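User: Please take a close look at one part of this model for me: the place where the two chains meet. I would like one connected account.

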Amino acid sequence: MSVLVYIENAEGTFRKSAFEAISYASAIAAKLGKQLVALSIGNVSNDELAKAGQYGATKVLNASGDKLNTPNTQAYSSVIAAAAKAENAEVIVLSASFAGKTIAPRVSIKLDAGLAENVVSLPVMDGAFTVKKGSFSGKAYSIIEMLAGVKVISMMPNSYKVVPSAQSAQVTAFDFIPDAKDFTATVKERVKAGNTISLPEAELVVSAGRGMKGPENWGMIEELAKVLGAATACSKPVSDAGWRPHSEHVGQTGIAISPNLYIAVGISGAIQHLAGVSSSKVIVVVNKDPEAPFFKAADYGIVGDAFEVVPKLIEAAKAFKASQN
Amino acid sequence: MKILVCISSVPDTTAKINFTPDNKEFVSAGVTFILNPYDEIALSKAVDLATTNNGTVTVINVGDPSTDAVIRKALAIGATDAVRINAIPRDSFFVAKQIADYAKKNSFDMILCGRESSDHNGSSVPVMIAELLEIPCILFAKSLTIDGTTATLDSEIEGGKEVITTSMPFVAGASEGMAEWKIPNMRGIMSARTKPLTVVEPIEVAQKVKLVSYDKPILRSAVKMIAVDDASKLFDIIREEKKII
Ligand SMILES: Cc1cc2nc3c(=O)[nH]c(=O)nc-3n(C[C@H](O)[C@H](O)[C@H](O)COP(=O)(O)OP(=O)(O)OC[C@H]3O[C@@H](n4cnc5c(N)ncnc54)[C@H](O)[C@@H]3O)c2cc1C
């Protein structure tokens, strides 16, 4: 028996969420007294593969080859299910990344397993196996008991810390060629958006709403984000109006995020917006209206005009960063 | 072109979420249920595709008779007919099994879902249906075009998008951008009353997960206001008090 963790890479480099997933899976494996096996799919260098050991995996399976070097969620699901069977895995952990969300349900069916998505903390294993997952678009949590022998867990990015370990892992090739039917859909092209930091994984997020008046005013939002090393986000009307791409839209119908720090500028704090951001650890709100609902959901508030406050925050962020070095 | 659209009935987006004192059940009294916003995008796209391709749109819902109002709304938006699998959904696997079973018996060119439901947020039903039918699933689909027998979809990924092509049938999970939300007009509302709604009894499905209880996020302590003139201290304050940056 073992615990298997799928570690996702972006163009050959493991995502931060992959290390979170290993750390999380490692805690489960330790509790169960089982071996932790990490599975990487696609073209990843040996140096990179070895990193999996530094977070608790004792064995790293490397599935690569022509057919697997382009991401394909259907084919990857088959590889993960095959590895889970080969390793006799009892718990399979993935990150609830975009790909992870498309892979986990397939894996659960292939393995006749139970599935819990968007899990936010370690399972409680006291005879029963229960997990806590996000529900109602961030307005609540559900506690789920997993009844099946095999359990698939997708964990919410940023919900578990990366924990280095003194282990080193043994890397082995995992040879598996998925069926032709797994390749009915093919990725023709990958297009990068301008922003470099991925929003779901970002620890710091600077977000702005209709209070910014127009897309031409986003320069200062981007600058603040850049100084802090943060990702940028926006409210729904902003992306609907085409001021910002839909990929930046956070909230109930956008992306749900849980960064350490969420700075919201010129956003009213409608319930649908709060739904996707309320699990941020610290929320700072800048709004010129002292009655803006967002202040009720914030840790820190500044009542003021964005055009006056944001330049001050940029200076403050620069000074803060300088004081850290 | 035969399109199946999966719809779910969810608490209104402005609803406050409350549970019974033992946290075991959601309190639905006073809550309006609506068509899941993402499903509405999927449905709008399906109606557009059916109009230009001389097709039909069947909406399917797993639910008890209380969801009929939401089904009628979907018919008013433009679905051709509706199917309700007569069962209270237990989990995503249960729902996916019912829909996949129906889809197997009635072959469709594509199955459109919302990328997630706004109550359970699992994103699992579309993928599970696809796996049960052994066909592709493009979740987080921001656009969908059909050219002959090939579909092209833009799918969201971290930091960008993928352009994916597939033959039919396939499952897609509609995300914002795929279509404009449609508002039912008077004619739609009138005709919705007479469009067929077939009720089908559920199949047996093994249970693999069980909802034990709900929990609410911990309330934040009262907001701490910072004067504009003190904005320069914001990050030091956060560092000192919250130790997160
Ligand atoms: C089904 C459904 C789903 C939805 N999903 C989402 C979602 O996922 N995400 C989302 O964000 N919304 C969502 N919405 C929309 C939501 O209800 C709100 O309309 C939206 O969040 C408002 O965006 P906003 O705060 O940017 O704009 P507004 O409501 O226009 O607020 C702008 C704010 O900026 C402030 N402001 C103006 N000028 C300045 C200035 N110079 N300096 C400082 N502050 C200023 C104003 O005081 C105001 O509070 C959804 C709505 C529906 C019906």
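Analyst: This is a predicted model. Start with the contact itself. On one side, 80 residues of chain B take part, and they are in contact with 93 residues of chain A. Together the two chains bury about 7,300 Å² between them. Of that area, 60% is on carbon and sulfur atoms. On the chain B side, E158(B), R220(B) and F235(B) lose the most area to chain A. Together these three make up 12% of what that side buries.

The rule finds 11 salt bridges across the interface of chain B and chain A. One salt bridge joins the side chains of K132(A) and D215(B), at 3.1 Å from N to O. Here a salt bridge requires that nitrogen and oxygen lie within 4 Å. Across this interface there are also 39 residue pairs in polar contact, with both residues at pLDDT 80 or more. Sorted by class, the side of chain B that touches chain A has 38 nonpolar, 19 polar and 23 charged residues.

Strands cross the boundary as well. Look at V187(A) for an example: its bridge partner in strand 9 of chain B is I164(B).

Definitions and conventions: Residues are numbered from 1 along each chain as its sequence is written. Chains are lettered from A and ligands numbered from 1 in the order in which they are written. This is a predicted model: local features need pLDDT of at least 70, side-chain atom pairs count only at pLDDT 80 or more; totals for chains, interfaces and linings use all residues. Side-chain values use heavy atoms; hydrogens and water are left out. Contact means heavy atoms within 4.5 Å. Buried area is the accessible area (1.4 Å probe) that two parts lose on being put together, summed over both. A polar contact is a pair of N or O atoms within 3.5 Å; within protein, one must be able to donate a hydrogen and the other to accept it, and residues adjacent in sequence count only if both atoms are side-chain atoms. Ala, Val, Leu, Ile, Met, Phe, Trp, Tyr, Cys and Pro count as nonpolar, Asp, Glu, Lys and Arg as charged, and the others, Gly among them, as polar. Two strands pair if DSSP finds at least two bridges between them. Helices (H or I, at least four residues) and strands (E, at least two) are DSSP runs, numbered from the N terminus.
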